[in-house]
Amino acid sequence: MASRLPILITIAGVAVLFLAIAFVFALVLGAMFFGGIEFTGGHMDAAATAAAYRLAA
């Protein structure tokens, strides 16, 4: 079993790397087909709302 440990660790590392690449690929496809992905935490929406309140006042 000890002789198999390096190959098992290598396979686990490759699997994690593959999943990370697949996740980024899914983000890119999502951005292309669904109008983008907002990583700003929504502060742009808050700024637009604040501007609307200033216009209304």
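Me: How far apart are the end C-alpha atoms of H1, and what should its 29 residues span?
Reply: Happy to walk through this one, a predicted model in which local features need pLDDT of at least 70, side-chain atom pairs count only at pLDDT 80 or more, and totals for chains, interfaces and linings use all residues. Residues are numbered from 1 along each chain as its sequence is written, and side-chain values use heavy atoms, without hydrogens and water. A helix's expected span is 1.5 Å times one less than its number of residues, so the 29 residues of H1 should span 42 Å, in agreement with end C-alpha atoms that are 42 Å apart.

Me: Which residue with a positive phi follows H1?
Reply: Helices are DSSP runs of H or I with at least four residues, numbered from the N terminus. H1 covers residues 5-33. The residue that follows H1 has a positive phi, near 80°, and is Gly35.

Me: Is Phe23 buried or exposed?
Reply: Phe23 has its place in helix H1. Buried means under 20% relative accessible area, exposed over 50%, and partly exposed in between (1.4 Å probe, protein chains only). Phe23 has a relative accessible area of 53%, so Phe23 is exposed.

Me: What distance separates the backbone oxygen of Pro6 from a polar atom of the side chain of Thr10?
Reply: Thr10 is in helix H1 and is partly exposed, with a relative accessible area of 45%. From the backbone oxygen of Pro6 to a polar atom of the Thr10 side chain, the distance is 2.8 Å.

Notes
Helix = DSSP H or I, 4+ residues; strand = E, 2+ residues; numbered from the N terminus. Polar contact = N/O pair within 3.5 Å; in protein donor to acceptor, adjacent residues only side chain to side chain.
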